[in-house]
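Let us go through this model by asking what stands behind each label.

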Amino acid sequence: MGEQVTPGDVTATAPARSTTGYAVAADALAVQYEQVTFDEVHRDVQELLPAAPARILDVGAGTGRDAAALAARGYRVVAAEPTAELRAHGQRIHGDRAVDWVDDALPDLPLHRRPGRFDAVFATAVWMYLDAEERRKATARIVALLVPGGRFFVNLRHGPVPEGRRMFDVSAAETVRLARTHGLRAVHRGERADLHGRADVRWSRLVFESA
Ligand SMILES: C[S@@+](CC[C@H](N)C(=O)[O-])C[C@H]1O[C@@H](n2cnc3c(N)ncnc32)[C@H](O)[C@@H]1O
């Protein structure tokens, strides 16, 4: 379920790893990611944020747009980003913010030097780059990283696979089912158009709460 890729986009020559394609495109992507704001991306779920100074993990943080905005609001933020080029852009653009950057990736996400749990975990535009087995492992890992009552914020991209990258057609319904099997309850479900105006791209927004 959910492993059907968008027709014509992923082929036998498709890159195998979730991070493939990011390093080479990092300069352009850094500009793109920063064209929208945390408020625009997460407007619909702001009321579900824990109170500052809660501890928040942003996994697949990209340039740290969201991590920096959360830090500016008084949260203690760890930004996990496996693409060195994007981490470097993030540290350049948001170096004035108290974001704790770490080179780490789902599904294992060991966070060796950042022990302890989080009040919230964000995975914005990341989840659909993981294959089915990775998503299962990643869900278990995120549950283990959340405090009781902690929240998991997910944005799923739908539409054509970006050129040079790997992406799966992951539905909101499938993600809700997977989360439920790991004890996560959906507390928000929504859909929205693409903030960059791409007509063939749309987004699902999910927020889960741990038991
Ligand atoms: C589309 S970008 C989104 C970046 C940022 N969250 C945002 O909304 O601007 C996807 C990010 O996920 C990262 N990524 C890819 N595979 C990942 C993995 N297995 N674990 C964590 N991050 C990953 C990429 O390096 C990239 O920074």
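Q: How is the lining of the largest pocket made up by class?
A: It has 19 nonpolar, 11 polar and 12 charged residues. Asp, Glu, Lys and Arg count as charged; Ala, Val, Leu, Ile, Met, Phe, Trp, Tyr, Cys and Pro as nonpolar; the others, Gly among them, as polar. The model is predicted: local features need pLDDT of at least 70 and side-chain atom pairs 80 or more, while totals for chains, interfaces and linings use all residues. Residues are numbered from 1 along each chain as its sequence is written, and side-chain values use heavy atoms, with hydrogens and water left out.

Q: What makes a space a pocket, and what makes it a cavity?
A: On a 1 Å grid over the protein atoms alone, a pocket is an open set of points with protein on both sides within 12 Å along at least five of seven lines. In a cavity, a 1.4 Å probe fits but cannot get out. Lining residues have an atom within 4 Å of a point.

Q: How much space lies in the largest pocket, and which residues lie nearest its centre?
A: The largest pocket holds about 800 Å³. Its lining counts 42 residues. Tyr-22, Tyr-33, Thr-124, Ala-125 and Val-126 lie nearest the centre.

Q: Which helix gives the most to the lining of the largest pocket?
A: Helix H1 does, with 3 residues. H1 (26-33), E1, H3 and E5 each supply at least two. These labels are DSSP runs numbered from the N terminus: helices are H or I of at least four residues, strands E of at least two.

Q: How do you know that Ala-125 is partly exposed?
A: Buried means under 20% relative accessible area, exposed over 50%, and partly exposed in between (1.4 Å probe, protein chains only). Ala-125 has 25%, so it is partly exposed. Ala-125 is found in the loop between E4 and H5. Its phi is near 60 degrees, a positive value in a residue other than glycine.

Q: Is Leu-109 buried or exposed?
A: Leu-109 has 0% relative accessibility, so it counts as buried. Leu-109 lies in the loop between E3 and E4. Its phi is also positive, near 40 degrees. Pro-107 is found in the loop between E3 and E4, and the peptide bond from Leu-106 to Pro-107 is cis, with omega near 10 degrees.

Q: Where is Pro-53 found?
A: Pro-53 is in the loop between helix H2 (38-42) and E1. The bond from Ala-52 to Pro-53 is cis, with omega near 10 degrees.

Q: How many cavities of 30 Å³ or more are there?
A: The count comes to 1. The largest cavity has a volume of about 40 Å³. Among its lining residues are Trp-127, Phe-152, Leu-184 and Phe-208. By class, the lining has 6 nonpolar, 2 polar and no charged residues.

Q: Which helix gives the most to the lining of the largest cavity?
A: Helix H6 (residues 172-181) does, with 3 residues. Buried residues of H6 include Thr-175, Leu-178 and Ala-179. The buried residues of H6 pack against helix H5 (132-145), strand E5 (146-158), E6 and E7. After H6 comes Gly-183, whose phi is positive, near 85 degrees.

Q: Why is one side of strand E3 and of strand E6 left without a neighbour in the sheet?
A: The open sheet has 7 strands in the order E3-E2-E1-E4-E5-E7-E6, with mixed pairing. Strand E3 (99-102) and strand E6 (184-193) stand at the edges, each with a single partner strand, so one side of each has no neighbour there. The twist averages 15 degrees from one strand to the next.

Q: How do you know that E6 and strand E7 pair?
A: Two strands pair if DSSP finds at least two bridges between them. Here 9 bridges join E6 to E7 (residues 202-210), so the two pair, and they run antiparallel. Leu-184 has Ser-210 as its bridge partner in E7.

Q: Where is Gly-64, and is it buried or exposed?
A: Gly-64 sits in the loop between E1 and H3. Its relative accessibility is 1%, so Gly-64 counts as buried. Leaving aside neighbours within four places in sequence, Gly-64 is in contact (heavy atoms within 4.5 Å) with His-94 and Trp-101.

Terms used
Axes fitted to C-alpha atoms, helices over the stretch in contact; angles between N-to-C directions. Points joined across faces, edges and corners; volume = space filled by probe spheres on them.
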